[in-house]
Amino acid sequence: MDGKGIFIETKGEWHFSQGYLFVVKDVSDDGNVWVELLLDGVLLKDEILNEGSVFIYLHNSKEIFNITLDSVYYGSDGDLITFIPVYQYLDPSLPAPALNDSNVSSNSSSNVSNDPLENNSAPENNIPGFSFIMAILSMSSIVIFKRFS
(Lines give C-alpha, C1' and ligand atoms only; values in the text may rest on other atoms or scores of the structure.)
Protein backbone atom coordinates (compact mmCIF):
# COMPACT_ATOMS: atom_id res chain seq x y z
CA MET A 1 0.00 0.00 0.00
CA ASP A 2 1.51 3.25 -1.08
CA GLY A 3 0.05 6.30 0.65
CA LYS A 4 -3.63 5.54 0.24
CA GLY A 5 -6.16 5.93 3.02
CA ILE A 6 -8.26 3.38 4.86
CA PHE A 7 -11.37 3.64 7.04
CA ILE A 8 -11.89 1.28 9.98
CA GLU A 9 -14.66 1.29 12.55
CA THR A 10 -14.11 0.65 16.24
CA LYS A 11 -13.38 -3.06 16.80
CA GLY A 12 -12.82 -3.35 13.03
CA GLU A 13 -9.78 -4.68 11.25
CA TRP A 14 -7.86 -4.28 8.01
CA HIS A 15 -6.14 -7.22 6.33
CA PHE A 16 -2.83 -6.28 4.74
CA SER A 17 -0.74 -8.41 2.42
CA GLN A 18 1.72 -10.96 3.81
CA GLY A 19 -0.75 -11.90 6.57
CA TYR A 20 -0.62 -8.71 8.63
CA LEU A 21 -3.78 -7.61 10.44
CA PHE A 22 -4.33 -4.06 11.75
CA VAL A 23 -7.07 -3.79 14.40
CA VAL A 24 -8.79 -0.79 15.99
CA LYS A 25 -9.43 -2.08 19.52
CA ASP A 26 -11.13 0.97 21.07
CA VAL A 27 -11.68 4.73 20.81
CA SER A 28 -11.85 6.95 23.89
CA ASP A 29 -14.06 10.02 24.26
CA ASP A 30 -11.01 12.28 24.00
CA GLY A 31 -10.04 10.87 20.58
CA ASN A 32 -7.35 8.39 21.58
CA VAL A 33 -7.40 5.25 19.44
CA TRP A 34 -5.98 1.92 20.63
CA VAL A 35 -4.61 -0.09 17.69
CA GLU A 36 -2.87 -3.44 17.34
CA LEU A 37 -0.81 -5.07 14.62
CA LEU A 38 -0.85 -8.86 14.39
CA LEU A 39 0.77 -11.45 12.19
CA ASP A 40 -0.82 -14.90 12.05
CA GLY A 41 -2.69 -14.16 15.29
CA VAL A 42 0.44 -13.07 17.19
CA LEU A 43 0.48 -9.54 18.60
CA LEU A 44 3.45 -7.62 17.20
CA LYS A 45 2.73 -4.13 18.51
CA ASP A 46 -0.04 -2.14 20.12
CA GLU A 47 -0.18 1.59 20.61
CA ILE A 48 -2.52 4.41 21.58
CA LEU A 49 -2.70 7.09 18.89
CA ASN A 50 -4.40 10.45 18.54
CA GLU A 51 -5.06 12.55 15.44
CA GLY A 52 -1.80 13.14 13.59
CA SER A 53 0.07 10.33 15.38
CA VAL A 54 2.08 7.90 13.30
CA PHE A 55 2.13 4.13 13.94
CA ILE A 56 5.45 2.69 12.78
CA TYR A 57 6.35 -0.99 12.84
CA LEU A 58 9.92 -2.13 12.21
CA HIS A 59 11.05 -5.72 11.71
CA ASN A 60 14.81 -6.40 11.79
CA SER A 61 15.40 -2.62 11.59
CA LYS A 62 13.36 -2.40 8.37
CA GLU A 63 10.21 -0.28 8.30
CA ILE A 64 7.21 -2.43 7.36
CA PHE A 65 4.31 -0.09 8.29
CA ASN A 66 3.93 3.67 8.52
CA ILE A 67 0.29 4.56 9.27
CA THR A 68 -0.96 8.05 10.21
CA LEU A 69 -4.20 8.48 12.15
CA ASP A 70 -6.03 11.21 10.25
CA SER A 71 -9.44 11.66 11.93
CA VAL A 72 -12.00 10.11 14.25
CA TYR A 73 -15.69 10.42 13.36
CA TYR A 74 -18.16 9.64 16.12
CA GLY A 75 -21.53 8.00 15.39
CA SER A 76 -24.44 6.68 17.38
CA ASP A 77 -23.63 3.04 16.54
CA GLY A 78 -19.84 3.29 16.52
CA ASP A 79 -16.87 5.36 15.51
CA LEU A 80 -15.10 5.56 12.16
CA ILE A 81 -11.36 6.15 12.09
CA THR A 82 -9.49 7.31 8.99
CA PHE A 83 -5.83 6.52 8.46
CA ILE A 84 -4.15 8.62 5.75
CA PRO A 85 -1.48 8.03 4.45
CA VAL A 86 -0.89 4.31 4.92
CA TYR A 87 2.32 2.66 3.76
CA GLN A 88 3.14 -1.04 3.85
CA TYR A 89 6.53 -2.20 2.66
CA LEU A 90 7.38 -5.81 1.84
CA ASP A 91 8.73 -7.82 4.74
CA PRO A 92 11.68 -9.75 3.27
CA SER A 93 11.42 -12.37 6.02
CA LEU A 94 7.97 -13.44 4.75
CA PRO A 95 6.88 -14.99 1.45
CA ALA A 96 6.10 -12.44 -1.25
CA PRO A 97 2.38 -11.73 -1.62
CA ALA A 98 0.40 -13.32 -4.42
CA LEU A 99 -0.19 -11.15 -7.48
CA ASN A 100 -3.86 -10.63 -6.57
CA ASP A 101 -2.82 -9.62 -3.02
CA SER A 102 -0.51 -6.75 -4.00
CA ASN A 103 -2.01 -4.10 -1.71
CA VAL A 104 -4.84 -4.96 0.60
CA SER A 105 -7.28 -7.81 0.91
CA SER A 106 -10.82 -7.42 2.14
CA ASN A 107 -11.71 -5.74 5.40
CA SER A 108 -14.07 -8.33 6.83
CA SER A 109 -14.99 -6.77 10.16
CA SER A 110 -15.81 -3.23 9.14
CA ASN A 111 -17.20 -4.15 5.73
CA VAL A 112 -15.32 -1.37 3.97
CA SER A 113 -14.59 -2.06 0.34
CA ASN A 114 -11.32 -1.25 -1.38
CA ASP A 115 -13.41 0.02 -4.31
CA PRO A 116 -14.95 3.40 -3.45
CA LEU A 117 -17.31 3.12 -6.41
CA GLU A 118 -18.79 -0.15 -5.20
CA ASN A 119 -22.51 0.02 -4.41
CA ASN A 120 -22.78 0.66 -0.68
CA SER A 121 -26.56 0.41 -0.51
CA ALA A 122 -26.61 -3.29 0.34
CA PRO A 123 -26.97 -3.87 4.11
CA GLU A 124 -23.92 -6.11 4.22
CA ASN A 125 -21.74 -3.22 2.99
CA ASN A 126 -22.86 -0.64 5.55
CA ILE A 127 -20.83 0.40 8.56
CA PRO A 128 -23.14 0.58 11.58
CA GLY A 129 -23.94 4.24 12.24
CA PHE A 130 -22.23 5.45 9.07
CA SER A 131 -22.77 5.43 5.38
CA PHE A 132 -20.22 6.41 2.79
CA ILE A 133 -22.17 9.59 2.14
CA MET A 134 -22.27 10.38 5.89
CA ALA A 135 -18.48 10.00 6.11
CA ILE A 136 -17.95 12.28 3.08
CA LEU A 137 -20.38 14.88 4.47
CA SER A 138 -18.64 14.78 7.85
CA MET A 139 -15.24 15.29 6.27
CA SER A 140 -16.58 18.11 4.07
CA SER A 141 -18.12 19.86 7.07
CA ILE A 142 -14.83 19.72 8.95
CA VAL A 143 -12.91 21.16 5.99
CA ILE A 144 -15.46 23.98 5.54
CA PHE A 145 -15.51 24.74 9.28
CA LYS A 146 -11.71 24.88 9.48
CA ARG A 147 -11.54 27.13 6.41
CA PHE A 148 -13.94 29.74 7.85
CA SER A 149 -12.80 29.70 11.48
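The model is predicted, so local features need pLDDT of at least 70, side-chain atom pairs count only at pLDDT 80 or more, and totals for chains, interfaces and linings use all residues. Residues are numbered from 1 along each chain as its sequence is written, and side-chain values use heavy atoms, with hydrogens and water left out.

**Exercise 1.** List the secondary structure elements of the protein from the N terminus on.

Solution. Start with the counts: 1 helix and 8 strands. Helices (H or I, at least four residues) and strands (E, at least two) are DSSP runs, numbered from the N terminus. Then read the order: β-β-β-β-β-β-β-β-α.

**Exercise 2.** Work out which strands stand at the edges of the open sheet.

Solution. Write the strand order first: S1-S8-S7-S6, an open sheet of 4 strands with antiparallel pairing. Two strands pair if DSSP finds at least two bridges between them. Next, look for strands with a single partner: S1 (2-9) and S6 (54-59) stand at the edges, so one side of each has no neighbour in the sheet. The twist averages 25° from one strand to the next (axes are lines fitted to C-alpha atoms; angles run from 0 to 180 degrees between N-to-C directions). Finally, check one pair. S1 and S8 (residues 79-88) run antiparallel and are joined by 6 bridges. Among the partners, Asp 2 bridges to Tyr 87 in S8.

**Exercise 3.** State what share of the protein's residues is buried, and what share of its contacts is between residues 24 or more positions apart.

Solution. Now take contacts (heavy atoms within 4.5 Å). Of those with a separation of 6 or more, 47% are between residues 24 or more positions apart.

Terms used:
Buried < 20%, exposed > 50% of the residue type's maximum accessible area, 1.4 Å probe, protein only.
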